[in-house]
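Okay, thanks for making time, everyone. Have a look at the sequence and the fold for a moment, and then I'll walk you through a few pieces.

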Amino acid sequence: MVTEQDVYQALRGVVDPELGGDIVELGMVSGVDISPDGVATIGIALTISECPMRGQIESDTARKVGSLPGVREVVVRTTAMSREQRAGLMATARRKARESSEPTQVSPMTRVIAVGSGKGGVGKSSVSANLALAIADLGFTVGLLDADIWGFSIPRMLGAEERLRAGDDRQIIPLETQGVRLVSAGLIVESEETALMWRGLMLSKALEQFLKQVAWGELGYLVIDMPPGTGDIQMALARMLPQAEMVVVTTPQATAQKVAIRVADMARRSYMPVVGVIENMTAFSCDHGSEYRIFGEGGGLELAESLGIPLLAQIPLDPEIVVGGDEGRPIVRARPDSEAAQAFRRAGRRIVELIPPAQDETCTARIARLIEALDVRGEQAPLALADQASR
Ligand SMILES: Nc1ncnc2c1ncn2[C@@H]1O[C@H](COP(=O)(O)OP(=O)(O)OP(=O)(O)O)[C@@H](O)[C@H]1O
Ligand SMILES: [Mg+2]
């Protein structure tokens, strides 16, 4: 006769591939019942009812438990987790990620801010560059990692033309430029044109090298310009830098809901808490004082509200951002009095408030804060969004 213990043992073979753990350790098994005539009923609590892994988890469960001698039939009953259960599960997933994270040259004391977006071309790189400078201007030591390996644009935006070099210990030394420590694939390749030749050669390893073989030194903050998409790079980053938190850039366009679902999905895959939204390209003010909302209105607030996180700043549309970006003169430095520069500074200050420098906080306080943050923001969001999406 099959025991409950046998069933739990079999369930340890069912893995949630995105969360990187088996369903027993992740606390997803809500109950096991075995009838005398060999019917095993398994309760499984999914993070959200539309969990993309649902089908796979159900069929794996049926197969693994069904193969136990004495089990005649398997009934899988799935439910959706409560907010508390989800918070617990994400904490477990992150703890596992932290335990298995590989050592990097980025100090655990460094705050990592990953700048992401739900779609391309919304100004992620412009925001990353200006934000890094704004935080450096607050007096912090700041690193800027251009993780957009194939589509790097930060060197041009900061006017960095030197190549990276290695120190005596064969560690790559970041380029000190405009008061930040910059690393980008663009500082290695010969020219922007030859960048394509890199593709498929060593680029898959480039990000790993940027984290493991760069002598970052003691950084207060590391700002990461994330590549577009929700793919491998995001997951690799989260695996190597489990302390990373995400700031999302969006435009005022009213497509926020779609974007929000993508962002929530990215956060789920990478266990990164999303700490705030920056709306970019908000409005254009002409010399006569009129304001034009060229890209619509309200997208930033809508996204922030649907994710349950603050809108950190609204950056106006300003041609100087384009010019400055092309000529290596970021607007926070080139036009410090402009509205856009002030908005970037506001975003920098808000981020430092939300994610204060590590020295100010004990580790325990930080973990407590992260769990609390998950509880109030990130965790309820994916469910709410998925519910909306399925309607
Ligand atoms: N607030 C703004 N006002 C005017 N132009 C802007 C603003 N923000 C960004 N831009 C311009 O929009 C273009 C795209 O910006 P950027 O390269 O920063 O976007 P991105 O999200 O990093 O794009 P990608 O997805 O290709 O990496 C650039 O030419 C940039 O100068
Ligand atoms: Mg970019």
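Predicted model: local features only at pLDDT ≥ 70, side-chain atom pairs only at ≥ 80, totals over all residues.

On one side β12 is joined to strand β7, residues 142-146, by 5 bridges, and the two run parallel. To give you one pair to look for, glycine 143 has leucine 222 in β12 as its bridge partner. β12 also has 5 bridges to strand β6, residues 111-117, again parallel. There you can find valine 115 opposite aspartate 225, and alanine 114 has isoleucine 224 as its bridge partner.

So, are the residues of β12 buried or exposed? Buried, 5 out of 5. In general, side chains in a regular strand alternate between the two faces of the sheet. Here Tyr221, Val223 and Asp225 point one way, Leu222 and Ile224 point the other way, and every one of them is buried.

Besides β12, which strand does β6 pair with, in the parallel sense, over 5 bridges? That's strand β13, residues 245-250. Alanine 114 turns up again here, with methionine 246 as its bridge partner in β13. As for cover, 7 of the 7 residues of β6 are buried, so the strand is largely enclosed by the rest of the structure. Both faces are covered: Arg111, Ile113, Val115 and Ser117 are buried on one side, and Val112, Ala114 and Gly116 on the other.

Next, a separate bit of sheet. There's an open, three-stranded one in the order β3-β4-β5, with mixed pairing. The edges are β3, at 29-34, and β5, at 73-80, each pairing on one side only. Neighbouring strands in this sheet are turned by 15° against each other on average, ignoring direction. Between β4, residues 39-46, and β5 you get 8 bridges, and those two run parallel. If you want a pair to click on, isoleucine 42 stands opposite valine 76 in β5. Packed on this sheet is helix α2, residues 54-66, which touches β4 and β5, and its direction makes about 150° with that of β5.

Okay, on to a helix pair: α4, residues 124-137, and α13, residues 339-354. They pack at about 65°, with their axes 8 Å apart. We count 65 to 115 degrees as roughly perpendicular, and therefore α4 and α13 are roughly perpendicular to each other. The crossing is right-handed. Who's in the contact? From α4 it's Asn130, Leu131, Ala134 and Ile135, and from α13 it's Phe344, Arg345, Ala347, Gly348, Ile351 and Val352. Sorted by class, that contact has 7 nonpolar, 2 polar and 1 charged residues.

Last stop, helix α10, residues 299-307. Of its 9 residues, 7 are buried, so α10 is largely enclosed by the rest of the structure. The buried ones are Gly299, Gly300, Glu302, Leu303, Ala304, Ser306 and Leu307. And just after α10, glycine 308 takes a positive phi of about 70°.

Definitions and conventions. Residues numbered from 1 in each chain as written. Chains lettered and ligands numbered in written order. Buried ≥ 20, exposed ≤ 12 C-beta atoms within 10 Å, placed from the backbone. Helix = DSSP H or I, 4+ residues; strand = E, 2+ residues; numbered from the N terminus. Pairing = 2+ DSSP bridges. Axes fitted to C-alpha atoms, helices over the stretch in contact; angles between N-to-C directions. Parallel < 35°, antiparallel > 145°, perpendicular 65-115°, else oblique. Left-handed = near helix turned anticlockwise from the far one by under 90°. Contact = placed C-beta atoms within 7 Å. Nonpolar A, V, L, I, M, F, W, Y, C, P; charged D, E, K, R; others polar.
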